Amino acid sequence: MDPEKFANIVSKFPCFSVVPLEKWQNTGASIISLSAQPVLKEGHIFEHASFVLRGSVRIYKISPSGKELTLYRVKSGEVCVIMMASILGETGYEALAETEEETELLVLPVALFKHWMDIYKELNQFIYRLFIKRMISVTSLIEDITFLPMDRRVAELLLRKTNTNTNSEAPLYATHEALSLELGTAREVVSRVLKEFERLGWIQLGRGKIYLLQRFELEQLAQVK
């Protein structure tokens, strides 16, 4: 591990700053790059722990009927907690994962990762804090699916994927299918809600893109504070 790569790792994962540079030599630790592609299937047994340095990994489940539900995304400076649970519990992976763009990963052999978890308190704390963070986010997702009406969920998703500067000249590039996967529902349901928003004059639909015309109205529906 050369000093430049080590500095990049520490900038994304400060918890590794406690591991001396010489401890990285001849350990099997490496940095790999992946294009957008499926990378993990359910039941996978891990030989390496992966840490995202750059890019995005979507973690999702597929029901027996074929419906997909996005659980969360792992971004730069994060790890997949389902992967961590599989490694620490020595069980198969309980989800699926795909890289959504060019993604760079730090990979550590499982034996090395577990050893460092045992001797470096900072790494241990980082992993368990992520467990808590993800538990809260997945619980919120379940609550939204169970209790919130679909029009409000769609409005919240449109707002979350854009920002306050987004206007009719800066569309959101997203298909109805992609939004339905985010929300864990059928494409037809999302299309129906979007067409109603368009009828109200809040958005304008294009091929693979959505123009937000009345952000305030969407915020009112989503009850954004």
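Start by selecting Phe197 and Trp202: both are buried, meaning under 20% relative accessible area, where exposed is over 50% and partly exposed lies in between (1.4 Å probe, protein chains only). You are looking at a predicted model, in which local features need pLDDT of at least 70, side-chain atom pairs count only at pLDDT 80 or more, and totals for chains, interfaces and linings use all residues. Residues are numbered from 1 along each chain as its sequence is written, and side-chain values use heavy atoms, with hydrogens and water left out.

**Rings**

The structure holds 13 aromatic pairs. Rings of Phe, Tyr and Trp (its six-membered ring) pair if their centres lie within 6.5 Å; planes under 30 degrees apart are stacked, over 60 edge-to-face, and the rest tilted. Phe197 and Trp202 have ring centres 5.4 Å apart and planes at 35 degrees, so this pair is tilted.

Next, select Phe6, Phe13, Phe16, Trp24, Phe51, Phe113, Trp116, Tyr120 and Phe126, which form one aromatic cluster.

Helices (H or I, at least four residues) and strands (E, at least two) are DSSP runs, numbered from the N terminus.

**Salt bridges**

Which residue does Glu90 meet in a salt bridge? Select Lys114: the two side chains meet at 3.0 Å, N to O. The term needs a side-chain nitrogen of Lys or Arg within 4 Å of a carboxyl oxygen of Asp or Glu. Glu90 sits in the loop between helix 2 and strand 6 (96-99), and Lys114 in helix 3, 24 residues apart. Glu90 is exposed at 64% relative accessible area, while Lys114 is partly exposed at 23%.

Finish with Lys161 and Glu182, whose side chains form a salt bridge at 4.0 Å, N to O. Lys161 is partly exposed at 39%, whereas Glu182 is buried at 13%.
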